[in-house]
Amino acid sequence: MKNIILTGDRPSGKLHIGHYVGSLKRRVELQNSGKFDKIYVMIADAQALTDNFDNPEKVRSNITEVALDYMACGIDPKKSTIFVQSHVAELTELTFYYMNLVTLARLERNPTVKAEMKQKNFELSIPMGFLTYPVSQTADITAFKANTVPVGEDQLPMLEQAREIVRSFNGLYGETLVEPKAVLPDNKACLRLPGTDGMVKMSKSLGNCIYLSDSADEIKRKVMSMYTDPNHIKVTDPGDTEHNPTFIYLSAFSSPEHFERYLPEYANLDELKAHYERGGLGDMKVKKFLNAVMQEVLEPIRLRREELAKDIPAVWDMLYEGSEVARKVAAQTLAEVKKSMRIDYFADRN
Ligand code: TRP
């Protein structure tokens, strides 16, 4: 069996450091590992429209932002096919057939969808497109016969749903589709990076994100005003590192080399944590170190992004080429799906 990756993001905003440690970084490592036959990275504009149908302009403008974020992080169009979901009409057709294999009750049980509906106050009038997006996500994954889907933790219910659909499709119509598995970051801090305000998740609407495109000054300002341990009032107070976003960010981003360069009094994060927990270490010192680390990690990404942003038409050319490649692959799978379902009535006419 081939090793194929499909993954993607909704273009509903620029990508932030939560996306970076939660999934982007992993994708680049997998891309460069040489272990995969094909890698597809999809900008999920059609999915973004399920909750932004009243604002297609927002989705449109964020397609280029996300493409820039991808390439700036190291997703290389020469090694990975980057494409735009809506260009691949075959995905919609697959979705329509898969919808027969899922019940309304099952869709309503999806914890990620549930949380999003609550957040968007959809309770009373759920758009059908939104409720069924996990089915369309199954189409995205299976159209490329992906067995590996590197995503953030919040996407696990989508993968569960995809596996169920694949099993019932293969059971009903014969072995056709590939069951995918999720690949999560192995560092716990990276699974769900909290916001700079300590809220569980980074979210644009909460204004608690550090973006990959943020300037050095913006990063510094955001880091220096981060929420820490509210009970760590005096420097001598013992502090909590477990729920403290500055320490969670350090777990996600810092390495022993960073300590060597910027804070040589400590060998590693464990020593810094121990000092904070026993008292005597001020938040300012921790934040200054975190800022140095974040600047070092984000600067090359930002510079590459600025370079790439000088030629937006080239970005659209790249997306068009990737989307044409993706379309051919999805068309092939759709033909196989129709054959398995025995609805390929006219397949032999051309
Ligand atoms: N749901 C993902 C997000 O919110 C985007 C996405 C759409 C996706 N289709 C996918 C991710 C298929 C992985 C695989 O960002």
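Before you click anything, one term: a salt bridge here is a side-chain nitrogen of Lys or Arg within 4 Å of a carboxyl oxygen of Asp or Glu. Side chains of opposite charge can pair when their charged atoms come close. You're looking at a predicted model, where local features need pLDDT of at least 70 and side-chain atom pairs count only at pLDDT 80 or more, while totals for chains, interfaces and linings use all residues. Residues are numbered from 1 along each chain as its sequence is written, and side-chain values use heavy atoms, leaving out hydrogens and water.

**Stop 1: D51 and R10.** Select these two and show their side chains: they meet in a salt bridge, 3.9 Å from N to O. What parts of the chain does the pair link? Distant ones: D51 sits in the loop between helix 2 (45-49) and helix 3 (56-73), R10 in the loop between strand 1 and helix 1, and they are 41 residues apart. (Helices, H or I and at least four residues, and strands, E and at least two, are DSSP runs numbered from the N terminus.) D51 counts as buried, at 16% relative accessibility, and so does R10, at 17%. Buried means under 20% relative accessible area, exposed over 50%, and partly exposed in between, using a 1.4 Å probe and protein chains only.

**Stop 2: strand 1.** Select residues 4-9. Is this strand mostly covered or uncovered? Covered: five of its six residues are buried. Next, select residues 38-43, which make up strand 2; this strand runs parallel to strand 1, and six bridges join them.

**Stop 3: helix 9.** Go to E160 and R163, whose side chains form a salt bridge of 3.0 Å, N to O. They are separated by about one helical turn because they lie three residues apart in helix 9 (residues 156-173). E160 is partly exposed at 35%, whereas R163 is buried at 18%.

Stop 4: Finish with E324 and R327, another salt bridge, with the closest N and O atoms 3.5 Å apart.

Conventions: Two strands pair if DSSP finds at least two bridges between them.
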